[in-house]
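Me: I would like to learn how to read helix packing in a model. Please take me through it step by step.

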Amino acid sequence: MTTLTPEQVKPRRQQSIFWRRFRKSTPGKAGAVIVTLFALLSILASVIKPYDPTTDRNYRLNLKPPSITALWNPEAKETYTDPTTGKVNIWAAPFGTDNLGRDVYARVLHGTRISLKVGVVSTMLALIIGSLLGVFAGFFGGWVDTVLGYIADVMLAFPGILLAIGFASIFSADSPPLLIRALDKAFVLNSPQLVTAMLAVSLVQIPVYMRLARSVVLSVREREFVQAAGALGATQGRTIFKHVLPNSLSPLIVQGALSIATATIEVAALGFLGIGAQPPLPEWGTMISDSRQYYIDAPWTMIFPGLAIFFTVLGFNLLGDGLRDVLDPRSTQ
């Protein structure tokens, strides 16, 4: 007697819940597209438009309007017409030029790398330091929680930008500390003042992550799997890094995406005030600061760096909102 065995059907690989929810999040998808675009521009900036800020000068073309206006502006057409061929190059300076004849498009493009690098690094430093301090405060409690809580309260009592300005103004630009010089070389920023601004922005964000991580850990440490790990003889270090911290990451990741947007604005603000990146470095806040006196006669010198800041902040905010919808365990999407 022969037994017929049913044909084995290969089970379909179930799509992860994260991607299923993320695909339904319109803000998340829009933010991911914007952030990906800016990330690609920062990576490929040297390929798209090679640029050296120390040698970029053309005083013959100072404060000229965007070359695309040559299609309807006779003066711009004359400016961007090649005397040899007689052809109009509407892509010569798509965003116009500044007071030194520098191509605003090239500076905005290469400023993408600086702004994203500083925003991501400052946020990562704050996330790592603040999260670890918050986890220790929430898990151990007692005097550790009290001391760290007081420190966070004092730092949160000051406006963030004011605290960043105070910290960024401490160190001299002529003789920066060894740590700042080392970080400047490590991240290839070529500006100790920009590194100082990056650390200032990171310092301001640390208490936010301390409070957030502490509140999450206070609930996680009372769950059954954490209690079971302690009952089975797991050390405190293993319990923290193996059980508590991994289950506390969701709100920290969301806050991290939102904090990159905040860091981008604050670094640009410090550059605008003259205590961040220094000329000729093509940082967006510094570019806006250099163009203040030309905002009436040459508004493009401020508009395009401002739009770059706007879209970068918008992208990370939308991405953070999308991640919050996806990683929220109560989400019904």
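**Helix contacts**

Reply: In helix H2, Phe38, Ala39, Leu41, Ser42, Ile43, Ala45, Ser46 and Ile48 meet Tyr105, Leu109, His110, Thr112, Arg113 and Leu116 of helix H4. Contact means heavy atoms within 4.5 Å. Helices are DSSP runs (H or I, at least four residues), numbered from the N terminus. This is a predicted model, in which local features need pLDDT of at least 70 and side-chain atom pairs count only at pLDDT 80 or more, while totals for chains, interfaces and linings use all residues. Residues are numbered from 1 along each chain as its sequence is written, and side-chain values use heavy atoms, with hydrogens and water left out.

Me: How do the residues in the contact of H2 with H4 divide by class?

Reply: Ala, Val, Leu, Ile, Met, Phe, Trp, Tyr, Cys and Pro count as nonpolar, Asp, Glu, Lys and Arg as charged, and the others, Gly among them, as polar. The contact of H2 with H4 has nine nonpolar residues, four polar and one charged.

Me: At roughly what angle do the axes of H2 and H4 cross?

Reply: Axes are lines fitted to C-alpha atoms, for helices over the stretch in contact, and angles run from 0 to 180 degrees between N-to-C directions. The axes of H2 (residues 26-48) and H4 (residues 104-140) cross at roughly 125 degrees and come within 8 Å. Angles under 35 degrees count as roughly parallel, over 145 as roughly antiparallel, 65 to 115 as roughly perpendicular and the rest as oblique. H2 and H4 are therefore oblique to each other.

Me: Is the crossing of H4 and H11 left-handed or right-handed?

Reply: A crossing is left-handed if the near helix is turned anticlockwise from the far one by less than a right angle, and right-handed if clockwise. H4 and H11 cross in the right-handed sense, whereas H2 passes H4 in a left-handed crossing. H4 and H11 (residues 249-273) pack at about 135 degrees, with axes 8 Å apart.

Me: Is isoleucine 48 buried, partly exposed or exposed?

Reply: Buried means under 20% relative accessible area, exposed over 50%, and partly exposed in between (1.4 Å probe, protein chains only). Isoleucine 48 counts as partly exposed because its relative accessibility is 40%. This residue is found in H2. Apart from neighbours within four places in sequence, isoleucine 48 is in contact with Leu41, Tyr105 and Leu109.

Note on methods: Helices (H or I, at least four residues) and strands (E, at least two) are DSSP runs, numbered from the N terminus.
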